[in-house]
Structures are given as structure tokens and as C-alpha cells.
Amino acid sequence: MNKPTARRRALLATAALFTLAAAGGANAGDPLEKITVAGWSKPITEITHLLVEPDKGIFKASGIDLAYVPGAGGGDAIRNILTGQADVAFTDPGAFFSALDKGEKLRAIYDIYPQSVFNVVSLKSANITRPADLKGKKIGVYSLSSGTRQNLLVLLHQAGLSESDVTIVVTGLLNFAPLLQGQVDATAATDTGLLVGKRKGIGDVNVMEVRNYLNVSSDLFVVREQVYQQKKPLLKRFLKAYRESAAWMIANPEEAAGLAMKYAIDGTDRPTNLEVIRLRNAATVSPITAKNGLGAFDLESLQKAADAYRKLGLIERDIKVSDVVGTDLLPAR
């Protein structure tokens, strides 16, 4: 990240913090309302801004009692809101489209990461440099319900391949150990996962970034349509607090890296925490958010993604994105 870009992002985040502070939150005497977020992961460093609520109290200031339910992929997050275990799903567009394709009534309300963070990694010695090279290979994914699998399928389709042309192996988040041990030929990961893998010594690797084939948001906040219709004031306060927490982490990566050591299960190394947080901060912003504020949707990009999933056979129904995205709950710029 170059210094002018970092400076602009810091100024943007600081301005956002002041704007949100001026907007005010709940009155001190008001009871807190609980919001449970269903995550795609365990409490890891890249979501430090959610984990530090006991220290920072950002959601409490907006009258929110925040809870987090871990998962193993975006599909888990969707299932947890469908079964009533959570109110809001922290999930990837692929899992969102898949649920809509099955007839679920859902609404996306916030674009968490408008940049694609997915990739497929292999050792140099495997000589896997393009999607076609994946044919007949064993490929690791975090879980069968994760964005890593969905985005792997996108890459496969670029070469005219399908899931049946490869062997998918569930490896969990620590998926570079199986790669080094030869249990898989390649592994689908995220930018932060690759960063940690490099710091742990995976050596020379080839990386295929999904953004070079289909660049779309990595994660969204999604709710059931009934929740969207019935709890708009509460969801507005939640999104306001979430934007403030994201702005805090953008403006204070060093502080966040230190607190990750306290709250994140993978946060044992502060320098690594800082690099992970900076990567995730970078994925949080885009030209659209610079204009309209954090969380703003690029509806054109999301529609292209839905159309691509349909064309590639990943979903069977056409999805009109404007019908399943709610922009009215986003905080004012």
C-alpha cells in the first residue's frame, strides 16, 4: 500500500468516525437490543473490529448488544439465520445466490468487502499456472459451504471444467499444511490466508487470483426478508455501528493488531495481525465506498456476478439483484 493511498484512507476513516459520533447513538438509559451475527469463520484477526466490542463498546453506544456465532463458510452463516440462530449473516455472494436459487427469501443490506479476496494457490513445483491446469487435481477448500469452494468453481468454469473434473478436499482454515504435505495439489484460499501461509514458510507458490476472472464483493451482510421488513430501525443502528467499527480499524490498524492478540484465536503474532488487518482494510474500500460511504453496493458488479453464476451453471435461476438488495438501511454518508 503506498503512502498517499494509506493517508487518504486514514482521512476517510477519521471523517467517518466524526460523522458517526455526531449522529449519536442510543440514550444512556435505553435497554440494549441484541443482534447476533452469524459468521463464516471462527473469531479470527480479520474481524477484530467485531471482536473488540468489550473494549471499544461501539455497538453498545448504538444500543446494540452484539453477539457472534462462528461458522465454517458462508453457507453456515446463511443456515444460522434461516434456523433463527442469528439475525444477520456475514456471508459471501456465492452462498447468498445459492440460497436465493433454492427459494429462500433473503435481502443483502451491506457490502462488507467490495473487493475480491479469493485465490487458488499451488507450489511452484506443481506447475499449475492457469485454471485448465487444475483438471484431475486434488484441491483444498475451507469447507464445502465456503466462498473458497464457490470461487474455485468460478475458476474451473473459466477453463470449461466442472467440480467433477477435480477432487475437492475439505482442509479447514489451516489449509496450507495439507498443501505442503502433498495431500492436495492446490488449495483455494483468501489473501489473508495466503499471507499467513507465506509467513509460516510455504515457500515459492503460484497464485491465481479470482479477481482476474470475476471481480466481485467477497462478503455481504444478509438477513431474512421477514427480518428486513420487521426490524429496520434495529438493523439501521447495527449497520451504523458496524460502519463505525470498520472505520475505527481502518484508522487504527496498530491498535487493532494489538487487541487481536487478546480476542482473535489466530492473533498470537502482532506483526502478522497488522498485515492481515491492513489487507482486510484494503478490501473494505473501493471507488464506490469513497463516493457513497463504507458498505455501499456496486449493484452493477453484483448483477454481473449473479449473471456469471447463472451462466456457469452454479445457480439455475436468474437473479435480479436490485430485488434482493436493500440500500435503504445504509447510514447516511
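Helix 8 (residues 191–199) passes helix 12 (residues 270–284) in a right-handed crossing, meaning the near helix is turned clockwise from the far one by less than a right angle, with anticlockwise counting as left-handed. This is a predicted model, where local features need pLDDT of at least 70 and side-chain atom pairs count only at pLDDT 80 or more, while totals for chains, interfaces and linings use all residues. Residues are numbered from 1 along each chain as its sequence is written, and side-chain values use heavy atoms, with hydrogens and water left out.

**Helix 8 against helix 12**
- The two pack at an angle of about 155 degrees with axes 9 Å apart (axes are lines fitted to C-alpha atoms, for helices over the stretch in contact, and angles run from 0 to 180 degrees between N-to-C directions).
- Helix 8 and helix 12 are therefore roughly antiparallel (under 35 degrees is roughly parallel, over 145 roughly antiparallel, 65 to 115 roughly perpendicular, the rest oblique).
- Helix 8 brings Asp191, Thr192, Leu195, Val196 and Arg199 to the contact, and helix 12 brings Pro271, Thr272, Glu275, Val276, Leu279 and Arg280 (contact means heavy atoms within 4.5 Å).
- Those residues split into five nonpolar, two polar and four charged (Ala, Val, Leu, Ile, Met, Phe, Trp, Tyr, Cys and Pro count as nonpolar, Asp, Glu, Lys and Arg as charged, the others, Gly among them, as polar).

**Helix 10 against helix 12**
- Helix 10 (residues 232–251) packs on helix 12 at about 125 degrees, axes 9 Å apart.
- That angle makes helix 10 oblique to helix 12.
- The crossing of helix 10 past helix 12 is left-handed.
- Ala246, Met249 and Ile250 of helix 10 meet Ile277, Asn281 and Thr284 of helix 12.
- By class, this contact of helix 10 with helix 12 has four nonpolar, two polar and no charged residues.

**The sheet**
- Five strands form an open sheet in the order 7-6-8-5-9, with mixed pairing (helices, H or I of at least four residues, and strands, E of at least two, are DSSP runs numbered from the N terminus; two strands pair if DSSP finds at least two bridges between them).
- Strand 7 (167–170) and strand 9 (205–209) are at the edges with a single partner strand each, so one side of each has no neighbour in the sheet.
- Strand 5 (residues 118–123) and strand 8 (residues 186–190) pair antiparallel over four bridges.
- Val120 has Ala188 in strand 8 as its bridge partner.
- Helix 8 packs on this sheet, touching strand 5, strand 8 and strand 9, and its direction makes about 115 degrees with that of strand 8.
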